[in-house]
Amino acid sequence: MSKPLPPIPEGKEIEGSITKTMDRRFLSSLDLLGQGDVTLTIERVAFHDVIEFENGNQEEKAHLLHFAEIKKPLVLNKTNIRALVYKFGTNKCKEWVGQKVCLRVEAGRYFGQQGYAVRVVL
């Protein structure tokens, strides 16, 4: 017989925009949703030992892809890092600067749940 699951705490009712609690400093699928493929120019790639998000979560060894056209950087995951290396034929970020990169929102299963993510288009 399985052990009963603990109850879920009540939580607080959301009033207003649900995206208000998201860290809007970084590019997300919500920024690109419905725009199709978006082409941007890479301005720089930055490494951070730790990024602390507004909700208190942290990401260690984070890479941020900055663009000339918009202020919000994209937090790079391994999938997008691999795509950039394949696309430009090098893992040297300095060689990516000034290059155009196409981004799109793709649906999929992320961390066991259905969702949307920003992906580098090859």
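Let us start at a point where two strands meet: Val 38 has Leu 103 in β4 as its bridge partner. This pair belongs to the antiparallel pairing of strand β1, residues 38-52, with β4, which extends over four bridges. Two strands are said to pair here if DSSP finds at least two bridges between them. Helices (H or I, at least four residues) and strands (E, at least two) are DSSP runs, numbered from the N terminus.

Before I continue, a word on the source. This is a predicted model, in which local features need pLDDT of at least 70 and side-chain atom pairs count only at pLDDT 80 or more, while totals for chains, interfaces and linings use all residues. Residues are numbered from 1 along each chain as its sequence is written, and side-chain values use heavy atoms, with hydrogens and water left out.

Now to the overall layout. The protein chain contains two helices and five strands, and their order along the sequence is α-β-β-β-α-β-β.

I turn next to the other partner of β1. Strand β1 is joined to β2 by nine bridges, and the two run antiparallel. Within this pairing, Ala 46 stands opposite Leu 64 in β2, and Ile 51 has Glu 59 of β2 as its bridge partner. The two strands form a hairpin with five residues between them, where Gly 56 takes a positive phi near 95°.

Strand β2 covers residues 58-67, and Lys 61 has its place there. Lys 61 is not a glycine, yet its phi is positive, at about 50°. Most residues other than glycine have a negative phi. How buried or exposed is Lys 61? Lys 61 counts as exposed because its relative accessible area is 62%; the classes are buried under 20%, exposed over 50% and partly exposed in between, with a 1.4 Å probe and protein chains only.

From β2 the chain goes on to β3. A hairpin of six residues links β2 and β3. Strand β3, residues 74-76, runs antiparallel to β2, with three bridges between them.

The next hairpin is that of β4 and β5. Strand β4 (residues 100-110) and strand β5 (residues 113-121) run antiparallel and are joined by nine bridges. Tyr 110 has Gln 113 in β5 as its bridge partner. Two residues lie between the strands of this hairpin, and Phe 111 in the turn has a positive phi of about 55°.

Which residues does Ala 117 touch, beyond those up to four places away in sequence? They are Ser 29, Arg 104, Val 105, Glu 106 and Tyr 110, where contact means heavy atoms within 4.5 Å. Ala 117 has its place in strand β5 and counts as buried because its relative accessibility is 14%. Its C-alpha atom lies 31 Å from that of Leu 5, which is 112 residues away along the chain.

Ser 28 is buried because its relative accessible area is 15%. Leaving aside residues up to four places away in sequence, Ser 28 touches Met 22 and Val 118. Glu 13 is also found in the segment before α1, but Glu 13 counts as exposed because its relative accessibility is 72%.

I close with the chain as a whole. Its radius of gyration is 17 Å, whereas a compact globule of 122 residues would have a value near 14 Å. That radius is taken over C-alpha atoms, and the globule rule is 2.2 Å times the number of residues to the power 0.38. The C-alpha trace spans about 55 × 40 × 30 Å along its principal axes. Of the 122 residues, 33% count as buried. Among contacts with a separation of 6 or more, 49% come from residues 24 or more positions apart. The accessible surface, from the Shrake-Rupley method with a 1.4 Å probe, comes to about 9100 Å², and 53% of this belongs to carbon and sulfur atoms.
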